[in-house]
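Please read it alongside the sequence and the model.

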Amino acid sequence: MSAPVESVLAALRSAGCSPKRNGDGYTARCPAHVDRTPSLSIGEGNDGRALLKCHAGCSLANVLSAVGMEERDLFPRRSERGRR
């Protein structure tokens with residue numbers, strides 16, 4: 001698992017969104033809206049970036065803002081890119 005995915009999972013845990021393993025990725029309650037059943041999917045792209053999708057329609061910006069992250073946090077640092 002890449003550092004960006006680990007960072008997203010840690011932020012979601014801190015926000016009480018309870019990420020859980022689901023196939024190759026994770027699901028969690030979306031921090032950007034009242035979410036009784038997990039609607040946020042978290043995965044890892046081929047390049048190591050974290051992929052997020054709220055199936056209820058929240059924008060990426062709103063999801064990231066709700067956990068104190070920015071879009072740049074979803075990408076591996078240059079030093080991590082060569083490790084794959």
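S18 lies in the loop between α1 and β1, where helices (H or I, at least four residues) and strands (E, at least two) are DSSP runs numbered from the N terminus. Although S18 is not a glycine, its phi is positive, at about 50°. The model is predicted, so local features need pLDDT of at least 70 and side-chain atom pairs count only at pLDDT 80 or more, whereas totals for chains, interfaces and linings use all residues. Residues are numbered from 1 along each chain as its sequence is written, and side-chain values use heavy atoms, with hydrogens and water left out.

**Loop residue**

- S18 is partly exposed, with a relative accessible area of 35%; buried means under 20% relative accessible area, exposed over 50%, and partly exposed in between (1.4 Å probe, protein chains only).

**Sheet and helix**

- An open sheet of 4 strands has the order β1-β2-β3-β4 with antiparallel pairing, two strands being paired if DSSP finds at least two bridges between them.
- The edge strands, each pairing on one side only, are β1 (20-22) and β4 (50-54).
- From one strand to the next, the twist averages 30°; axes are lines fitted to C-alpha atoms, for helices over the stretch in contact, and angles run from 0 to 180 degrees between N-to-C directions.
- Strands β2 (residues 25-28) and β3 (residues 40-44) run antiparallel and are joined by 3 bridges.
- T27 has S41 in β3 as its bridge partner.
- Helix α1 (residues 3-14) packs on the sheet and touches β2, β3 and β4, contact meaning heavy atoms within 4.5 Å. The direction of α1 makes about 155° with that of β3.

**Cavity and pocket**

- The structure holds 1 cavity of 30 Å³ or more. On a 1 Å grid over the protein atoms alone, a cavity is a set of points where a 1.4 Å probe fits but cannot get out, and a pocket is an open set with protein on both sides within 12 Å along at least five of seven lines; lining residues have an atom within 4 Å of a point.
- The largest cavity contains about 40 Å³ of space; grid points are joined across faces, edges and corners, and a volume is the space filled by probe spheres set on the points.
- The largest cavity is lined by V8, A11, L12, L40, L52, V63, L64, V67 and M69.
- Both α1 and α2 (60-66) supply at least two residues of this cavity lining, and α1 gives the most, with 3 residues.
- The largest pocket holds about 170 Å³ of space. It is lined by 10 residues, of which P4, R72, D73, F75 and R77 are the closest to its centre.
- Helix α1 also provides the largest share of the lining of the largest pocket, 3 residues.

**Salt bridges**

- There are 2 salt bridges in the structure, each defined as a side-chain nitrogen of Lys or Arg within 4 Å of a carboxyl oxygen of Asp or Glu.
- D47 and R49 form a salt bridge through their side chains (2.8 Å, N to O). D47 is partly exposed at 35% relative accessible area, and R49 is partly exposed at 32%.
- R72 and E70 form a salt bridge in which the closest N and O atoms are 3.3 Å apart. R72 is exposed, with a relative accessible area of 63%, whereas E70 is partly exposed, at 43%.
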